[in-house]
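Subject: Structure for you to look at

Hello,

Here is the structure I said I would pass on. My notes on what turned up in it follow below.

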Amino acid sequence: MNIQALDIKVGDRIIAYCKNKMQPCTVQRLLDSTPNTITLKVSTCSRIHYRESASCVIQFQREAVVEMASLNRSFSKTI
């Protein structure tokens, strides 16, 4: 399922480029929202208590379409 970046909420699981690969990430917090972009802090951990080392900051244009991570989708670990 896809949603607009503008509609992303804290706790959503999205597919994003983090730690040098595309992978499911959990939105931890909204860092900044400008008329053109939205900046999020995400974690590659799916747990409630996030590890800071598993976090990264990503930025989308507000009108970008973002893929939601599904629970049954598998991801290959490629470099």
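Two strands count as paired if DSSP finds at least two bridges between them. Please keep in mind that this is a predicted model.

To begin with the pair where that definition is used: strand β2 (residues 13-18) and strand β3 (residues 21-33) run antiparallel to each other and are joined over six bridges. One of the residues involved is Ile 14, whose bridge partner in β3 is Cys 25. The two strands make a hairpin, with two residues between β2 and β3. Lys 19 sits in that turn and has a positive phi of about 55 degrees.

Four strands make up an open sheet, in the order β2-β3-β4-β5, with antiparallel pairing. At its edges are β2 and β5 (55-61); each has a single partner strand, so one side of each has no neighbour in the sheet. On average, neighbouring strands of this sheet are turned by 55 degrees against each other, direction ignored.

Now the chain as a whole. The protein has six strands and zero helices, so the order of elements from the N terminus reads β-β-β-β-β-β. Of its 79 residues, 38% count as buried. The protein exposes about 5,500 Å², and 51% of that comes from carbon and sulfur atoms. Among the contacts with a separation of 6 or more, 45% are between residues 24 or more positions apart.

Regards

Technical notes. Residues numbered from 1 in each chain as written. Predicted model: local features only at pLDDT ≥ 70, side-chain atom pairs only at ≥ 80, totals over all residues. Heavy atoms only, no water. Buried < 20%, exposed > 50% of the residue type's maximum accessible area, 1.4 Å probe, protein only. Contact = heavy atoms within 4.5 Å. Areas by Shrake-Rupley, 256 points an atom, 1.4 Å probe, with all protein chains shown as cover. Axes fitted to C-alpha atoms, helices over the stretch in contact; angles between N-to-C directions.
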